[in-house]
Amino acid sequence: MPELNIVLVEPQIPQNTGNIARTCAATGARLHLVEPMGFKVDDAKLKRAGLDYWHLLDITYYENLQDFFDKNSGEYFFFSTKAKHIHSDINYPDKCYLFFGKETAGLPEELLHDNPDRCVRIPMINNSDARSLNLSNSVAVGVYEVLRQWNYPALLTEGKLTKYNW
């Protein structure tokens, strides 16, 4: 199965990270958490948002971005409202990494500046009151775009009713 990696840089809200952990668990994506974070991993809100999916997670923690880059290599894609490329116009290769910044500020601008062709955005209306999507929603959009391009490898693509036969 192809490998998809989600990188959260300094997440601040435990419920968002818990929701993202659940998305990763349900899709087989690996989760990378870059500190400092705005909560402790044993935070009850984090655990509650992830429900009982924690045992399905492949999760790695890093002291900072430099620690992450020292330990990983691959094709990186940086999701940002400041990007010029639309997320669905990119071809995502196996073993790619999707980066998402903290809820209060996004990814560091230096990172975006140094990687303009790897910066992608999810289209939104042009209104200063709608600054960005929720972090967990943005991750879900990114994850499912990659998986759609890969034809949903190893994922169930149809369900069935429990009481009726189709």
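This is a predicted model: local features need pLDDT of at least 70, side-chain atom pairs count only at pLDDT 80 or more; totals for chains, interfaces and linings use all residues.
Figure 1. The buried residues of α5 are L135, S136, S138, V139, G142, V143, E145, V146 and L147.

**Figure 2. Packing of helix α1 against helix α5.** The axes of α1 (residues 14-27) and α5 (residues 135-149) come within 8 Å and cross at roughly 15°. Because angles under 35 degrees count as roughly parallel, α1 and α5 are therefore roughly parallel to each other. Their crossing is right-handed. On the α1 side the contact is made by N16, N19, I20, T23 and T27, and on the α5 side by L135, S136, V139, A140, V143, Y144 and L147. By class, the residues of this contact comprise seven nonpolar, five polar and no charged.

**Figure 3. Burial and length of helix α1.** Of the 14 residues of α1, 10 are buried, so the helix is largely enclosed by the rest of the structure. The buried positions are P14, N16, T17, G18, I20, A21, T23, C24, A25 and T27. From its first C-alpha to its last, α1 reaches 20 Å, close to the 20 Å expected at 1.5 Å a residue. Just after the helix, G28 takes a positive phi of about 80°.

Figure 4. E10 is found in the loop between β1 (4-9) and α1. Although E10 is not a glycine, this residue has a positive phi of about 55°. Its relative accessible area is 23%, and E10 is partly exposed. P36 has its place in a further loop, between β2 (30-34) and α2 (44-50). There a cis peptide bond joins E35 and P36, with omega about 5°.

Figure 5. H87 lies in the loop between β5 (85-86) and β6 (96-100). With a relative accessible area of 9%, H87 is buried; the cut-off for this class is under 20%. Leaving aside residues up to four places away in sequence, H87 touches F79, Y92, V120, R121, I122, P123, V141 and E145.

**Figure 6. The segment after helix α5.** N151 has its place in the segment after α5. Its phi is positive, about 65°, although N151 is not a glycine. At 62% relative accessibility, N151 counts as exposed. L156 also lies in the segment after α5. This leucine is exposed, with a relative accessible area of 83%. L156 and L135 are 21 residues apart in sequence, and their C-alpha atoms are 25 Å apart in space.

Notes:
Residues are numbered from 1 along each chain as its sequence is written. Side-chain values use heavy atoms; hydrogens and water are left out. Axes are lines fitted to C-alpha atoms, for helices over the stretch in contact, and angles run from 0 to 180 degrees between N-to-C directions. Helices (H or I, at least four residues) and strands (E, at least two) are DSSP runs, numbered from the N terminus. Angles under 35 degrees count as roughly parallel, over 145 as roughly antiparallel, 65 to 115 as roughly perpendicular and the rest as oblique. A crossing is left-handed if the near helix is turned anticlockwise from the far one by less than a right angle, and right-handed if clockwise. Contact means heavy atoms within 4.5 Å. Ala, Val, Leu, Ile, Met, Phe, Trp, Tyr, Cys and Pro count as nonpolar, Asp, Glu, Lys and Arg as charged, and the others, Gly among them, as polar. The expected span of a helix is 1.5 Å times one less than its number of residues. Buried means under 20% relative accessible area, exposed over 50%, partly exposed in between (1.4 Å probe, protein chains only).
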